[in-house]
Amino acid sequence: IEIAKKVAKMLDMKCEIRNEGASSSSQKNKKKGRNYRIELEKIKDDIVDNRIKNLWTYDRSRMFRDTTDSMYFRREYLEKYKVTYYEGERGNVVNFDSIDEKFTYDLLTRVQQLENEKRSEKSKQGKRYLLRRAEKDRHYGGTVLFGYSSNDGVLSVNKKEAKWVNTI
């Protein structure tokens, strides 16, 4: 948010923050049967309604996790409605009139998607590794189940809670 304000000031523009926060950026939309990103949909609506003519993101990988979505957004919103797109700490303009810059935009989006997928896979591999090598009674983090306590990474029965577990 601070970088967004700095870039807006540098570009002499008004800063309006659109942030989905740390919570999951997509919600299941029962009507549409797909993931629905509320803030992104508002941005799209505002572009179509001519309320957004300039858009900045720190890093496009924060906006899209998928190359197809990113390229669709570029073509159907940024280019079609002639929105000036800025990126990074310096607010560099991405020129979609240039076929080279369009290609670079799409290529970098694909590279960022690859990095996200690799990071996710490494995280899953690490969790699988820990589970395979898990020591009995070892606590590897996270919320301790009701009925147990963790002391220095070792699980033990919490006697007060255990009686309720047995009752249940």
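Predicted model: local features only at pLDDT ≥ 70, side-chain atom pairs only at ≥ 80, totals over all residues.

**Entry 1: a pair in helix H2**

I began with two side chains and found that Glu41 and Lys44 are both buried (under 20% relative accessible area; exposed is over 50%, partly exposed lies in between, with a 1.4 Å probe and protein chains only). Residues are numbered from 1 along each chain as its sequence is written, and side-chain values use heavy atoms, with hydrogens and water left out.

Glu41 and Lys44 meet through their side chains in a salt bridge, 3.3 Å from N to O. For that term I used a side-chain nitrogen of Lys or Arg within 4 Å of a carboxyl oxygen of Asp or Glu. Why are Glu41 and Lys44 separated by about one helical turn? They sit three residues apart in helix H2, which covers residues 38-48. Helices (H or I, at least four residues) and strands (E, at least two) are DSSP runs, numbered from the N terminus.

I then listed the buried residues of H2: Glu39, Leu40, Glu41, Ile43, Lys44, Asp46 and Ile47. After H2 comes Asn50, and I noted its positive phi, near 65°.

Asp49 is partly exposed at 44% relative accessible area, while Arg51 counts as exposed at 56%. I also saw that Asp49 and Arg51 belong to a network of salt bridges that links them with Glu16, Arg18 and Asp46.

Next I looked up Asp106 and Arg74, whose side chains form a salt bridge of 2.9 Å, N to O. Asp106 lies in helix H4 (residues 99-132) and Arg74 in helix H3 (residues 67-79), so this pair ties together parts that are 32 residues apart in sequence. Buried or exposed, I wondered, are Asp106 and Arg74? Both are buried.

**Entry 2: Thr67**

I stayed with helix H3, where Thr67 lies. Thr67 counts as buried, at 12% relative accessibility. Which residues is Thr67 in contact with, leaving aside its neighbours within four places in sequence? I found Asp106, Thr109, Arg110 and Gln113, taking contact as heavy atoms within 4.5 Å.

**Entry 3: aromatic rings**

A pair of aromatic rings is described by the distance of the centres and the angle of the planes. Rings of Phe, Tyr and Trp (its six-membered ring) pair if their centres lie within 6.5 Å; planes under 30 degrees apart are stacked, over 60 edge-to-face, and the rest tilted.

I have six aromatic pairs in the structure. In one of them, the rings of Tyr72 and Tyr77 have centres 6.3 Å apart and planes at 70°, so the pair is edge-to-face. Tyr72 is partly exposed at 39% relative accessibility, and Tyr77 is buried at 15%.

Tyr85 and Phe96 make a stacked pair, 6.3 Å centre to centre with 25° between the planes. Tyr85 lies in strand S4 and Phe96 in the loop between strand S5 (92-94) and H4, so the pair ties together parts eleven residues apart in sequence. Tyr85 and Phe96 are both buried.

I also noted one aromatic cluster, formed by Tyr72, Phe73, Tyr77 and Tyr81.

**Entry 4: the second largest pocket**

Tyr85 and Phe96 turned up again among the residues that line the second largest pocket, including also Leu78, Glu79 and Lys82. H3 and strand S4 (84-87) each supply at least two residues of this lining. The lining residues divide into five nonpolar, two polar and three charged. Here Ala, Val, Leu, Ile, Met, Phe, Trp, Tyr, Cys and Pro count as nonpolar, Asp, Glu, Lys and Arg as charged, and the others, Gly among them, as polar.

My working rule for a pocket, on a 1 Å grid over the protein atoms alone, was an open set of points where a 1.4 Å probe fits, with protein on both sides within 12 Å along at least five of seven lines; lining residues have an atom within 4 Å of a point.
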